[in-house]
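Here is a friendly walk through a protein chain, from its overall build down to single residues. Please keep the model open beside the text as you read.

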Amino acid sequence: MSDLKDRLTIPPENLEEINRAILDPKNEIVNEFLAIVSRYGTPEEINAKAAEARALPNLLRRLEEIGSPYLKDLEWLTKARDEGAFVSISEFRRKVLGNRADSMSFKDDYAVTLEISALQFFPWLISEAKHAIEHREVMPGRYIRVRSMREQVEDNGDTLAVAAAMQIVGASYVETLDTKGTDGSNIHLGGPETITGYFGGVGQPNEHALQWVDEFLHYYTTYGIRQVLNINPGTVLLGYFLHKLGIDVEFKISVYMGNDNPYAALWTLIGAKLFARADGTTSLVGFNWSNSVNNETIEKTAPIRRALGFEDVVRFEHHITETYKSIVIQPYDRTEELVALADHVKNISAKHEGAGPEVDAQREHPSDILEYFLTKEEIEEKGLMPYLEQNYLDKHAAVNRTAAALTEKGLSFIAAGNLHR
C-alpha cells in the first residue's frame, strides 16, 4: 500500500516545470492577467486604495454626499450597538437552556459561523436588526449578497451602506460580481430550452475570466469589497494569483461549483497550497460544498485541510436550508447533520438560503432562488418586495433555529461579533 502511494509523489522537477510555464515571458494568458492588474497600480497601491475606500468614516461621508436615506439607519444601528440593545450570548443561551446554561460548558474552539443568504437590499438588514432586538435573537456573523453590483451602486448608496453596516455589526460579507456567468457571457445559452447546456457550469468563457478580475479590482479599490463569490475553476486560479501577487482579496467558492467529494476538495486545496503566501494564507477563505455532500465527505476532507495548514484559513460552508423553490427537492433541512458534525470538525459555516422548510411551505410566497436575478424595478412592479423581505426574515429565523440547536448540544456559534457579547 505504501509503495503504491509513493508513486503519487509529485517530483520537484514537475513543480519546476509549472514555475517555468507560468513565468515564461511569452505566456500570453498570464501576461494578459498582469496587464489588467497593472492598470490599478502596484499591489501595495491597490491595497492602499481599498483600505481608503473601506474606512468607515469615508463610507459614511460618501453616503452623506449623495444624500442617502440609509445614513440615518446606520446611525440608529450604531447607537443600538453602543447601548447594548442586542441580546448577549449568555442571555441567548439562558433563553434556550434556562438555568442549565449557567452550568454548561460550550465548545468555543468549534464555533459554527452563522451565515445568511442573500442580503439583497440594505433596508432588510435594518428590519432584521429591529426584529432581533425585539425578539432577543442573534444576528448572523456572515452575509452573502447576490444582487447585481451595477444596480446596487446606483440605489441610494446600497453598496456603501452594507459595507459600513458590516463593520458596525462585526460581520464578514461576500458580494457576487456581475461577471458571474449569468450576464450573457455564454452566447449559446438562453432560458430553459437550453438548460442542458449549463451542465458544464454557469460559464465564464473566453475573455470573461479576465473581465471578472477587472470587475473585482474595480470594486475592491472603489468600495473596499474584499470578498466575492467564485464559480469557475479559471477565476479560482486567478483569485489565487491576485493574492499571491500581494493583493489582499479573498473569495468563497459557490455551491454552483459542484464540489461534492473529498477529491474535488483535495484538488481545490492543492491549488490553494501551490499559490499560498509564505505566511500560509490563501485567498480561498470559504469553501461551499455541493448540497449533495454528506457528513462523511466533510469529515474525510477535514484532516486534509488540516494537513495543508488551512484549518483556520479555509472555512467549510454548508447549506443548512435552501430556497424552497427552484434549486433542490424539499424538504431540505441539514440541521441535525450540522449538530452531529460541529463537535469535531472546526471552522464550519452554516448557510441559510431558505427558511425552515416547514415555514416556507406555509408561505403564500415561499423563497425562490430565481428571484435573486430580478431587478429591483421588476420586483416593485410585481409587488414582490414585501414577500421577499419576509422570505429574508424567515431565513433569519432559520439562523436562530440553528443557533438554538447548537446551544442545546453545548456547541458554540459565531454571530455578529460587535452586537452579541
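Predicted model: local features only at pLDDT ≥ 70, side-chain atom pairs only at ≥ 80, totals over all residues.

Residues are numbered from 1 along each chain as its sequence is written, and side-chain values use heavy atoms, with hydrogens and water left out.

**The whole chain**

The protein chain has 18 helices and nine strands; helices (H or I, at least four residues) and strands (E, at least two) are DSSP runs, numbered from the N terminus. Along the principal axes, its C-alpha atoms fill a box of roughly 60 × 55 × 45 Å. The radius of gyration of the protein chain is 22 Å, which agrees with the value near 22 Å for a compact globule of 421 residues. That radius is taken over C-alpha atoms, and the globule rule is 2.2 Å times the number of residues to the power 0.38.

Of the 421 residues, 53% are buried. Here buried means under 20% relative accessible area, exposed means over 50%, and partly exposed is in between (1.4 Å probe, protein chains only). Among contacts (heavy atoms within 4.5 Å) with a separation of 6 or more, 79% come from residues 24 or more positions apart.

**Two helices side by side**

How do helix 6 and helix 10 lie, roughly parallel or roughly antiparallel? The axes of helix 6 (residues 70–82) and helix 10 (residues 158–169) come within 10 Å and cross at roughly 5 degrees, so the two helices are roughly parallel to each other. Axes are lines fitted to C-alpha atoms, for helices over the stretch in contact, and angles run from 0 to 180 degrees between N-to-C directions. Angles under 35 degrees count as roughly parallel, over 145 as roughly antiparallel, 65 to 115 as roughly perpendicular and the rest as oblique.

On the helix 6 side, the contact uses Tyr70, Leu74, Leu77, Thr78 and Arg81, which meet Asp158, Ala161, Ala164, Ala165, Ile168 and Val169 of helix 10. By class, this contact has eight nonpolar, one polar and two charged residues. In this scheme Ala, Val, Leu, Ile, Met, Phe, Trp, Tyr, Cys and Pro count as nonpolar, Asp, Glu, Lys and Arg as charged, and the others, Gly among them, as polar.

**Helix 7 and its cover**

In helix 7 (residues 89–97), the buried residues are Ile89, Phe92, Arg93 and Leu97. Seen down the axis, they fall within an arc of 115 degrees, so they line one face of the helix; the arc is that of the directions from the helix axis to the C-beta atoms. Their cover includes strand 1 (107–117), helix 18 (385–408) and strand 9 (411–414). Just after helix 7, Gly98 takes a positive phi of about 70 degrees.

**Single residues and their surroundings**

Val255 sits in the loop between strand 5 (250–253) and helix 13 (262–274). With a relative accessible area of 14%, Val255 is buried. Beyond its neighbours within four places in sequence, Val255 touches Asn288, Trp289, Ser290, Asn291 and His319. Val255 and Ser290 are 35 residues apart in sequence, yet their C-alpha atoms are 5.0 Å apart.

Thr335 belongs to helix 15 (residues 335–341) and counts as buried at 10% relative accessibility. Leaving aside neighbours within four places in sequence, its contacts are Ile320, Arg401, Thr402 and Ala405.

Ile270, in helix 13, is partly exposed at 28% relative accessibility.

**Backbone details**

| Residue | Phi | Relative accessibility |
|---|---|---|
| Arg136 | near 55 degrees | 24%, partly exposed |
| Asn347 | about 55 degrees | 18%, buried |

Arg136 is in the loop between helix 8 and strand 2 (142–144), while Asn347 is in the loop between helix 15 and strand 8 (348–352).

Where are the cis peptide bonds described here? One joins Ser117 and Ala118, with omega about 5 degrees, and Ala118 is in the loop between strand 1 and helix 8 (122–135). Another joins Gln330 and Pro331, also with omega about 5 degrees; Pro331 lies in the loop between strand 7 (315–321) and helix 15.
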